[in-house]
Structure formats: C-alpha cells, structure tokens
Amino acid sequence: MKRMTMINFMKGSVMKIHRLSRAYRCLSAEGGVRVFSSASGPRVCVVGGGPAGFYTAQQLLKARQDAIVDIYERLPVPFGLVRFGVAPDHPEVKNVINTFTQTAQHERCSFYGNVNVGKDVTIEELRRAYHAVVLSYGAEGNRSMKIPGEDLSGVFSAKDFVGWYNGLPSNKELCPDLSSETAVILGQGNVALDVARILLSPVDMLKETDITQNSLAVLAGSNVRRVLVVGRRGPLQIACTIKEVREMVNLPNTGADMLPSDFEGIAEALKDLPRPRKRLTELMMKAVKEGRDDKDQKCWGFRFFRSPVEVIAGADGRTATGIRLALNKLEGSGEGTRAVPTGQLEDLECGLIISSIGYKSFPIDPTVPFDPRRAIVPNAMGRVQDTTGLYCSGWVKRGPTGVIATTMNDSFDTARVLVQDMEAGEVDLSVNKPGAQAITALLRTRGVRTVLFPQWEKINAEEEKRGKSLGKPREKLLDVDEMLKIAWS
Amino acid sequence: MASRMCVQVLARSSLALVCHPGSTRPHLRFLHTAPKLCSQSQQNGSSDSKVLVHFVNQSGVKSSVFVTEGESLLDVVIKKNLDISGFGACEGTLACSTCHLIFEESVYDKLEPIVDEETDMLDLAYGLTKTSRLGCQVTVEHWMDGMTVRVPHEINDQRGKQEAVSSK
Ligand SMILES: Cc1cc2nc3c(=O)[nH]c(=O)nc-3n(C[C@H](O)[C@H](O)[C@H](O)COP(=O)(O)OP(=O)(O)OC[C@H]3O[C@@H](n4cnc5c(N)ncnc54)[C@H](O)[C@@H]3O)c2cc1C
Ligand SMILES: NC(=O)c1ccc[n+]([C@@H]2O[C@H](COP(=O)([O-])OP(=O)(O)OC[C@H]3O[C@@H](n4cnc5c(N)ncnc54)[C@H](OP(=O)(O)O)[C@@H]3O)[C@@H](O)[C@H]2O)c1
Ligand code: FES
C-alpha cells in the first residue's frame, strides 16, 4: 500500500513538473514537502469524511482534472455513518467503502483524520488556505423528545444506542440494561427498525457481523422479547421503507404483535396509493393478519397514532418503568397530515425506551451561518448563504434524512455548483492557495497530529485481523488512543 | 482502455466515455461481487461479445457497446467504464437502487420476472417508471440485441436549472 502511494506521489510530481518553479515558491514559504502546486488548479477542502465528503470529492476530482481535494475528518477513521450508523447486518450497504477508498487513494485527494474542525482549526483558517471549503460534517446530535423523564435510566437516544453497537468511541461505555422484557422505540423511521432488528435478531446471526464484541455480549444476555415501534401518525405516513419492514417480518421465531384497530379504513385507501406506499402498506397488513404463532418466542409490532408525553419512573425515581402516550387523530391530508391529540392517554410498561425521532446537526464554528430551527447550514443548492467560497453537502445541507444514494446525488449537485462557480469566476482561482501545506503546519504548532489514509489502512488491517480470529469481517477498535497508536506505529 | 471496445455514438457531447484524461490512474471501480474487472477477452474483442446495447446516461449522452451474454447490465457499465455518475453504489447487492435503468416497453415485457426484493429497492429509485428495473439484476441475453436502456434524467434536470442560473 505504501508503495502504491509513493508511486502515485511520484507520478503526480512528474505530471506537474512544468509548474514546479511556481509551486516551489509557494511551498518554500510553507516549508513543506508536497510537490503539488496550486499554480492553476483549485484547492478544495472538504470538512467531514462521511458519504457526503467522499462523494463531493469524487465529483470534484472527476469534473476538474486540476483540482486538489483534501478531506478533514474528526476521527482517525473515515466513512462516517457508513461505519457508525449502517447496521452491522447490512454489510452490502458498506460496499460503498470501496469507492470511497478509491477516491481517498486518488493522486489528487488526501485524507487527514484526527482533525476536529472548529476546534483544532477554524473555518476562517481553512478558507484562507483553500479556494473553496465544503462542509460535509453530517448530523451528530439527536432531536430530543422534550418530555419529562427523558433523562431517566433506561432511556436512550437511537443515535447513542446505534453508536454503541457500531463501536463509536464516544458511546463505548453505554452498556444498556436489557433485562426488561418489553422495549419501546419512539419514531418509525429506518433507524428505529435497525434498532428493533438488532434487539430481536438471534445472536448467532449477529456474531458473524462487524457488531462489537462488547455489545454482542450484552445482547446475548438480553431478556428483551417484545419490541414496540411507536409512531405519532398512521400506517400511511410511516417513515420506514419496505425492505426494512420485510426484514422484521422475516425475523426467525418472531411474530408480529399489531393492533388491527390501527389499520381501520386503510384497505379502502390502498387503491389510490402510489406503488411504493401501496406495497409497504400491504406488507404491514399482511403482518397484522398473520399475527404471531404460538411457537414464536419473540414479537415486534407497530403502534400508531401515539405521541410520547412522559417517561414513567419506578419507585426509585431514577429508572424508567414505562412510557405515557397521548392518543392522536389525524388532520390534514397528503404530506401535510398532522397528528392531533384526542386528550386520551395510554401507559405502556417497559424498561427500555429508545428515542428514534431523528438526528440533528450542530453549528461547527461561529463564523458559519446556521439555521437553528431546521438545524442545517442555510444554503441555496449547496452554496452557503452569504459566504463566498463556502459550500455544503449531505445531511448538514439537507437535514438528517435520506439514504446514501440521496446523499450521493446531493453531493454531486454541490460539486457541480462549485465547479460552475469556479468557471464563472465566482470562486477566485487567480490567487495561489497553500492548501494542506499551511493547515498541516498550523496543526503541528497546535500539537495536532493527523492520520493519513495509509495510516487508517493500518487500523483497518488490525481490525480485520482481530475480526478474523472471531469469525467476523472486522472487530472495531473502540478507543481513539488505541487507534492513534496503531495508525502511527 | 476498456472503452476502446465501445462504439461511441455521441448524441450531444464528445466527452462521453473518456475516463479521466488527466488522471495517471484510471478511476475504475472494483466489483467485489464479480471480480473480473476488464478481462483480457473483453479487450481483445472475442467473438462471443456480440449483443449490442445502447446506454443513455443522465446527461442524455448515448454510448453503444457490444456485450457478452450472461453479464448483468451493472457489469457492463463497470467493465466498459461508461460515464454514469454513481452507478451501482452497492456493487450489485440489491441495497441501493443507484443502478436504476429504464427499458423500452417491448423489452421490459420480456424480461425475467421481478422478485419482491428487487421491487422493494426499485420503489426507492428516483424517477421510477412503469418499465424501470435495477441494472444489477438484469442479465444480458441474445434477444436483447439492439435495445436501448436509459438512466433517469433527474440529476440532469437539476443541473439544467443550475446552468440556467450560472449563465445569467
Ligand atoms: C443509524 C443509521 C443507519 C443508516 N443506514 C443506512 C442504510 O442502511 N442504507 C443507506 O443507504 N443509508 C443509511 N443511512 C443514511 C446514511 O448514513 C446517510 O445518508 C449518510 O451517512 C449521510 O452522510 P453525511 O456525510 O452527510 O454524514 P455522516 O455520515 O454523518 O458523515 C459526517 C462525517 O463528518 C465528520 N465530522 C463531524 N464533525 C466534524 C468536525 N467538526 N470536523 C471534522 N469532521 C467532522 C464525522 O465524524 C463523520 O465522519 C443510515 C443512517 C443512520 C443514522
Ligand atoms: N436501511 C436503510 O436504508 C436505512 C437505515 C437507517 C436509516 N436510513 C435513513 O436515514 C434517515 C434517517 O432515519 P431516521 O429513522 O432517523 O429518520 P426518519 O426516517 O425521518 O424518521 C423519524 C421518525 O421520528 C418521528 N418523529 C420525529 N419527530 C417526532 C416527535 N417530535 N415526536 C414523535 N415522533 C417524531 C417521525 O414521525 P413523523 O413521520 O410523524 O414525523 C418518524 O417516524 C432516513 O432517511 C432513513 O431512511 C436508512
Ligand atoms: S447496484 Fe445497488 S441495487 Fe443494483
């Protein structure tokens, strides 16, 4: 691997040799060793090494044969939610990593991990060093239910629960108590179904995935037998998609526990639905009809028309023992269908509550505009509002919805807009920009050491090695210090 | 290199099929599920490469290629390095719908029946039509000779809007 990189490095220098004299001037000022020059090529900085960052980089490299693209990532490891979000039993989704790896290894692309943008380096500093900066830092927070009892023990956000089973370093200590028989998940998106499936899947199936060993051990001792996935609106508004519902239906030894009353009037509405919604609804109705078998040891079910109002505490006042739900009726139609409380309440007994009502982006730096209501960087087609040379893509641009393909398309769009702006002179390419030269020097003075892509590949190799002995594709490292030690070894 | 075999029918732009001219490393994608990237027989144009398939990409650019029977349309796009942005993100494992293609009705009607799992993914695709299928699930057969498959125009429409803005 090292050799490959070296060869590409040399090829790069041969290609650019005619520009060396100009490049040299800019480089000597920076005191660096890279041979790439910005004499005529745009230097673009991408903040965040998830799908949005990699797809934006891919399109920029393709559209501008002279562009140099550097990706800065907070963690020592790349790929964002493909590594820390996508469920361990969906390895095929993670095939996109092969394309991302090719982008990272592209001769005009560099990956700098272990750089917390906004803290280690400011956006202003990046904007000074690059012709353009693209924000692709995703959505690392979660929406809060804003109900009493949300902080009780036994209540988790799906973001943290997913981070725990997927080995996100900041969630490694989560250690959820799975001694309760019933778990309630609030929200009915695909993340909710990922969590439900992980809670109900046989451990024998999970142990061959890249789920972390410590979460596997906790799941092996789980008493959870019943998982209810609660939504505020009705079956026709459900946010998850059919593949994920089919996976629930197909779970071994697990039946469906649904309320037929939730589906009143749905059969009549079917014929007017577009095909995707129609098939999804039909599948749910089939599950309602089939119900559960006496042989089924476990069950899952949707509960509709219910909004969380309070987490009920047990005698100790600290532990959740149930959730109080407000019953709703629907008002409006189509996309605008709203849940309105009827005034009736219902209590559900459960010792594990997972709130899966969506992720949320944070502001990265006080100089960058942020829309607190929508929790995104305000933008027009990826151009950040009122800030020349600043762009955004992915969840921080659109909000925290959409599959990888959605993120891909919107990242391609942002890259195209950026290239158009370069061609139209909106982004000034007439001045030389030092790019990574300046930034890595700055980081050095601040005691921040980066993890380059070949160094990530050492972590990758170590994880694959540890996984192999366990019969898994990889065993993720959970500790940032350990990652760094291996990367720099 | 792979595109040497392709008959280029350039409807709108002569840039089709050129693979990263400034790049010293061809930006080929690896198909880990079918790791026979650009086999020799392909490049030498062996006689079993004889089914002609026309692809129209997002930008309306048509490329025509001779294909070996038994390959999936995803294999073809990768092997011939056709310029279709983001095609086949999950590498043919029915987990993404980025390999969405639109068929002519007469061809669509004769395709192998679709399974639920393919429809599940297809239902999430952009610009779904009545004759849509996922390219990774359709295998090229002799009778398809001369067919045209299209990538939906969504992204192109979006770009059109942006071009209109920037040309002001
Ligand atoms: C639990 C879950 C499961 C999912 N499963 C699927 C699935 O099966 N199939 C599918 O198609 N889609 C799935 N998705 C959706 C998919 O993950 C998103 O569409 C996609 O990851 C969004 O990409 P992004 O790059 O905008 O954000 P992210 O993937 O979050 O990437 C953002 C990156 O920026 C980095 N970053 C954050 N702050 C900073 C900073 N200050 N400095 C530097 N770097 C920073 C982060 O560490 C991260 O690497 C899932 C999402 C979730 C939440
Ligand atoms: N396998 C996959 O392909 C996969 C897996 C995981 C995630 N993803 C994608 O990642 C994205 C994020 O997934 P997600 O599940 O986090 O989000 P999501 O799909 O937007 O679902 C959010 C859920 O939370 C509910 N909700 C929001 N605010 C609420 C509130 N205040 N009170 C009660 N309920 C509330 C929503 O209900 P309303 O509809 O009423 O607002 C909805 O049911 C999605 O696009 C998803 O498809 C894909
Ligand atoms: S390549 Fe992903 S579904 Fe066909």
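How far does a backbone N or O atom of A:G402 lie from an oxygen atom of ligand 1? The distance is 2.9 Å. That figure comes from a predicted model, in which local features need pLDDT of at least 70, side-chain atom pairs count only at pLDDT 80 or more, and totals for chains, interfaces and linings use all residues. As for bookkeeping, residues are numbered from 1 along each chain as its sequence is written, chains are lettered from A and ligands numbered from 1 in the order in which they are written, and side-chain values use heavy atoms, with hydrogens and water left out.

A backbone N or O atom of A:I404 sits 2.8 Å from an oxygen atom of the ligand, and a polar backbone atom of A:A52 is 2.9 Å from an oxygen atom of ligand 1. Of the 1,000 Å² of accessible area that ligand 1 has on its own, the protein covers 93%; such areas come from the Shrake-Rupley method with a 1.4 Å probe, and for residues only the protein chains shown count as cover.

The shell around ligand 1 counts 32 residues, and A:A52, A:E73, A:W395, A:I404 and A:T407 come nearest. A residue gets into such a shell if one of its heavy atoms lies within 4 Å of the molecule. Sorted by class, the shell holds 16 nonpolar, 12 polar and 4 charged residues. Here Ala, Val, Leu, Ile, Met, Phe, Trp, Tyr, Cys and Pro count as nonpolar, Asp, Glu, Lys and Arg as charged, and the others, Gly among them, as polar. Ligand 1 lies between domain 1 (24-140 + 361-487) and domain 2 (142-359) of chain A, because both give residues to its shell. The domain bounds come from an automatic or database domain assignment.

Ligand 2 is surrounded by 18 residues, the closest being A:Q188, A:R232, A:R233, A:E244 and A:G402. A:G402 turns up again here, with a backbone N or O atom 2.5 Å from an oxygen atom of ligand 2. A backbone N or O atom of A:Q188 is 2.9 Å from an oxygen atom of this ligand, while A:R233 brings a polar side-chain atom to 2.8 Å from an oxygen atom of ligand 2. The protein covers 78% of the 910 Å² of accessible area that ligand 2 has on its own. Its shell divides into 6 nonpolar, 8 polar and 4 charged residues, and α8(A) gives the largest share, 3 residues. Domain 1 and domain 2 of chain A each supply at least three residues of this shell.

On to the sheets. Six strands of chain A make up an open sheet in the order β6-β14-β7-β8-β10-β9, with parallel pairing; two strands pair if DSSP finds at least two bridges between them. Its edges are β6 (155-157) and β9 (254-256), each pairing on one side only. Neighbouring strands are turned by 20 degrees against each other on average, direction ignored, with axes being lines fitted to C-alpha atoms (for helices over the stretch in contact) and angles running from 0 to 180 degrees between N-to-C directions. Within this sheet, 5 bridges join β7 (residues 182-186) to β8 (residues 226-230) of chain A, and A:L186 has A:V230 as its bridge partner in β8(A).

A second open sheet has 3 strands of chain A in the order β11-β12-β13, paired antiparallel. Its edge strands are β11 (306-313) and β13 (338-349). The pair β11(A) and β12(A) (residues 320-331) is joined by 7 bridges: A:S307 stands opposite A:A326, and A:P308 has A:L325 as bridge partner. These two strands form a hairpin with 6 residues between them, and A:G317 in the turn has a positive phi of about 75 degrees.

Definitions and conventions:
Helices (H or I, at least four residues) and strands (E, at least two) are DSSP runs, numbered from the N terminus. A polar contact is a pair of N or O atoms within 3.5 Å; within protein, one must be able to donate a hydrogen and the other to accept it, and residues adjacent in sequence count only if both atoms are side-chain atoms.
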